[in-house]
Amino acid sequence: MDLSLRHLFTPHHTNNYRARVLHPSILSVFVVFFLAYQFFINFYVFSWPSVLGFASNIAPDKVIELTNQKRAENGLLPLKLNGQLNEAAQRKAADMFAFNYWAHSSPSGRQPWDFFGEVGYRYVYAGENLARDFMNSSEVVEAWMRSPSHKDNIVNSHYQEIGLAVVNGTLNGVETTLVVQLFGAPAQAQASKPEIPPIARAAQEEVSISQPSSALGEAQLPVPAIYLQEEQTFPSFSPFWLTKIASIFLLGLIFGALVLDLILVYKFNVVRLSGRTVGHLLFITALLVAVLLTDAGAVI
């Protein structure tokens, strides 16, 4: 056993003074194994989408709580849950699934603020954040906070109310979870008519527009139970994390072998006709860092 480990991981005369795991033949085996592993995961997701691929642990009330925590950290008042905004967020998510798109503007021609109007929500400021494919509530909020435009929505002092929808469905043939977060500042009956600013970022990552106040007050709709569910834990597995763990394991194994090779070659002054251990080590390090920094999910 000792000889086998020495043969695999350390430069020795039995392996031409290069660890066996660093030989092209073994590296090819690693590549084939990883491709087969990835094929199996993709096949499993396609065959049993309810087991893999769902961000099942996202709870709307938790996302709202974390959003208000971020606002408190920036000295802002918490946002109030609004039933109309909940309904507008639900309609936006349903529209994305119905028309199979992932964007602020629908192929049907509907813009983000159209959903506000459909539920009768009158506003002077409005905003939208979208997310997909995250595993839990905190990952969603942290991803938004890392994006300057999404953070601007969360810590915008104009907003007073919030609505949220978390909906599972199929988008472009893949089972996924969409998160729609809407912000609003309701128009008041006594407010004067504000100036309408240009819609500079409506089709990008923030919707912040103004319109004349309405004489109608904001009608509070009942909040469906789906928006107030507690965050739960389900025995689901993320394809992203399974792939990431396998990538870290394989790259870490190669990284360790390269470090050990570099140390032993230097210590025993081994002379080799060929070898670019330092260059390979830098390349594997870059790949490993890239994998470690890669996050699941996407925001727009």
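**Pocket lining and salt-bridge network**

The largest pocket is lined by 21 residues, and those nearest its centre are L27, V31, L251, I254 and I284. Helices α2 (24-47), α8 (239-267) and α9 (277-293) are the elements that each give two or more residues to this lining. The structure described here is a predicted model, in which the space within the largest pocket comes to about 530 Å³. By residue class, the lining of this pocket divides into 14 nonpolar, five polar and two charged residues.

Helix α9 also holds V278, which, together with L262 and L282, makes a nonpolar surface patch of about 270 Å². V278 counts as partly exposed, because its relative accessibility is 49%.

Turning to charged side chains, the structure holds eight salt bridges, and a network of such bridges links E87, R91, D95, R110 and E118. Within this group, E118 forms a salt bridge with R91, the closest N and O atoms lying 3.5 Å apart; this pair links distant parts of the chain, with E118 in helix α5 (residues 112-118) and R91 in helix α4 (residues 83-99), 27 residues apart. Both partners are partly exposed, E118 with a relative accessible area of 34% and R91 at 33% relative accessibility.

D95 forms a salt bridge with R110, the closest N and O atoms being 2.7 Å apart, and here helix α4, which holds D95, is linked to the loop between α4 and α5, where R110 is placed 15 residues away. D95 counts as buried at 3% relative accessibility, whereas R110 is partly exposed, with a relative accessible area of 23%. The side chain of R110 also meets that of E118 in a salt bridge, at 2.6 Å from N to O.

Notes:
Residues are numbered from 1 along each chain as its sequence is written. This is a predicted model: local features need pLDDT of at least 70, side-chain atom pairs count only at pLDDT 80 or more; totals for chains, interfaces and linings use all residues. Side-chain values use heavy atoms; hydrogens and water are left out. On a 1 Å grid over the protein atoms alone, a cavity is a set of points where a 1.4 Å probe fits but cannot get out, and a pocket is an open set with protein on both sides within 12 Å along at least five of seven lines; lining residues have an atom within 4 Å of a point. Grid points are joined across faces, edges and corners, and a volume is the space filled by probe spheres set on the points. Helices (H or I, at least four residues) and strands (E, at least two) are DSSP runs, numbered from the N terminus. Ala, Val, Leu, Ile, Met, Phe, Trp, Tyr, Cys and Pro count as nonpolar, Asp, Glu, Lys and Arg as charged, and the others, Gly among them, as polar. Patches are made of residues with over 30% relative accessible area and no salt bridge: like charges are joined within 9 Å, nonpolar side chains (Val, Leu, Ile, Met, Phe, Trp, Tyr) within 5 Å. Accessible areas come from the Shrake-Rupley method with a 1.4 Å probe; for residues, only the protein chains shown count as cover. A salt bridge is a side-chain nitrogen of Lys or Arg within 4 Å of a carboxyl oxygen of Asp or Glu. Buried means under 20% relative accessible area, exposed over 50%, partly exposed in between (1.4 Å probe, protein chains only).
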